[in-house]
Amino acid sequence: MDFEWDPEKAERNLAKHGVGFEVVLGLDWDVCPIFDDVRFDYGEARYIAYARSTSGQRYVVAFTLRTGTYRIISVRPFGRKENRIYGE
């Protein structure tokens, strides 16, 4: 899988959520549920993934696909809502 992101957006994400975009490189993308992000009209198809790292930490990843590359928009740890839905 190929990933890309805006470095400035990644810095803002790190400041806001305490997570660097590089974490997506260690997520198990083969088994994570991925849903269409239909909350807003973004002008492009966007997706939400619920993924787990090899250490067991769980993340919510917002991304889009551009010419087969995963363009990361946001990464954050699971919150109360996701923990309630996914059992922890």
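## Salt bridges and a surface patch

R76 has a relative accessible area of 24%, so this residue counts as partly exposed. Its side chain pairs with that of E82 in a salt bridge, and the closest N and O atoms are 2.6 Å apart. E82, in turn, is buried, because its relative accessibility is 6% and the cut-off for buried is under 20%. Please keep in mind that this is a predicted model.

Elsewhere, salt bridges with shared partners join E44, R46 and R66 into one network. Here are the pairs discussed in this report, with their N to O distances:

| Salt bridge | N to O distance |
|---|---|
| E82 and R76 | 2.6 Å |
| R66 and E44 | 3.2 Å |
| R46 and E44 | 3.7 Å |

The pair of R66 and E44 meets at 3.2 Å. This pair links distant parts of the chain, 22 residues apart: R66 lies in strand β4 (residues 58-66), while E44 sits in the loop between β2 (34-36) and β3 (47-52). How do the members of the network stand in terms of accessibility? E44 is partly exposed at 28% relative accessibility, R46 is partly exposed at 22%, and R66 is partly exposed at 35%. By the rule used here, the count of salt bridges comes to five.

Now for a nonpolar feature. F35, I85 and Y86 form a nonpolar patch on the surface, and together they have about 290 Å² of accessible area. Y86 is found in the segment after α2 (80-85). With 31% relative accessibility, Y86 counts as partly exposed; patch members need over 30%.

Definitions and conventions
Residues numbered from 1 in each chain as written. Predicted model: local features only at pLDDT ≥ 70, side-chain atom pairs only at ≥ 80, totals over all residues. Heavy atoms only, no water. Patch = residues over 30% accessible without salt bridge, like charges linked within 9 Å, V, L, I, M, F, W, Y side chains within 5 Å. Areas by Shrake-Rupley, 256 points an atom, 1.4 Å probe, with all protein chains shown as cover. Salt bridge = Lys/Arg side-chain N within 4 Å of Asp/Glu carboxyl O. Helix = DSSP H or I, 4+ residues; strand = E, 2+ residues; numbered from the N terminus. Buried < 20%, exposed > 50% of the residue type's maximum accessible area, 1.4 Å probe, protein only.
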